[in-house]
Amino acid sequence: MRNRSRLYGVLIPLGVTVFILVAAGLGAFIWTAVYVNSVASGAQQSHAQASKSAGKRPGQPPSPTSQATLSSLLGKVHAAVWAVDTFDANGRTTAGSAFAVVSNSDQTLLLTSYSVVSAAAYQPAPTIQVHQPGGANKLVTLRTWDPAHDLALLVLNEGNDPVLHGASTPPQPGQQVYVVSGSGGPDGTITTGKLRAVATTSGLVDDAPQDSASRGGPLIDIDGNVLGVDSMAFVPPQPTASMAGTHVAVPIQDACAEVLVCPGNTFPSS
């Protein structure tokens, strides 16, 4: 009996120990499973919330009007877009935008709206300065201009600057378009709308919000290619019917006919 008691005395604590180890292992397994499921659930929820906040389902490309698209597009073209500062015929300050279309090792040519720099077409001519957001003012000169098409060409005496190219396909009514200004934000500003009408003789009618600071800036497509020059003064020879909230941009090909010498009389595409 004494020996049996001793055996029991050994077996009982050993059994308890085994039970404790099994229970502990089972508890650890359950805790790990719950933790993994919790993390996975949280990740799925975060992904769903991110997709919802982006306004799209997972796997879909961003909307052409989303903030992500606008920011990406502005980042792509802003280095070629400049703010313009000068004076009007009455000596009052006036502002607009311009964009680079040609750049060699010594000079860069900028297209803008004639209405922004019209006073410089007469003597004594006021100074014209351009700058990029956060950058220093740089003097430019007015080389050629065409009041009828509200186009002007500026020369900047520095080279190797980024330039914009034209679209390889003609613009179409209903197409999403974007107006870029050289001022108003760290990289300028961008607004979007749609083409309401397209005609060689009547310009590009769009409903993208714009103001005087965007005059002379580029009207671009979703790939960053130039369709036209933003204007608030262009009156086409055959204007389209007036539509509230719209503006008429000068087709970029008009620049080749009026103020630029383009290869094959066609604005270079990307």
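The protein chain averages a pLDDT of 82, and 75% of the residues score at least 70. Residues 1-12 also have a pLDDT below 50, with one contact in the model beyond near neighbours in sequence. Residues are numbered from 1 along each chain as its sequence is written, and side-chain values use heavy atoms, with hydrogens and water left out. Since this is a predicted model, local features need pLDDT of at least 70 and side-chain atom pairs count only at pLDDT 80 or more, while totals for chains, interfaces and linings use all residues.

Strand pairing comes next. Helices (H or I, at least four residues) and strands (E, at least two) are DSSP runs, numbered from the N terminus, and two strands pair if DSSP finds at least two bridges between them. Strand S8 (189-199) pairs with S9 (residues 203-206) in the antiparallel sense over four bridges, and Leu-195 stands opposite Asp-206 in S9. Asp-206 also has a bridge partner in S12, namely His-247; S9 and S12 run antiparallel and are joined by three bridges. S12 (residues 247-251) pairs in turn with S11, antiparallel over two bridges, with Val-250 of S12 opposite Val-229. On S10 (residues 218-220), the antiparallel pairing with S11 involves three bridges, and Leu-219 faces Gly-228 of S11. S10 and S11 form a hairpin with five residues between them, where Gly-224 in the turn has a positive phi of about 85 degrees.

On a 1 Å grid over the protein atoms alone, a pocket is an open set of points where a 1.4 Å probe fits, with protein on both sides within 12 Å along at least five of seven lines; lining residues have an atom within 4 Å of a point. The lining has 16 residues, with Pro-170, Pro-171, Pro-251, Ile-252 and Gln-253 nearest the centre. S8, S11 (226-229) and helix H4 (252-258) each give two or more residues to this lining, and H4 gives the most, with three. By class, the lining holds ten nonpolar (Ala, Val, Leu, Ile, Met, Phe, Trp, Tyr, Cys and Pro), five polar and one charged residues; Asp, Glu, Lys and Arg count as charged, and the others, Gly among them, as polar.

Technical notes
pLDDT is the predictor's confidence in each residue, from 0 to 100. Contact means heavy atoms within 4.5 Å.
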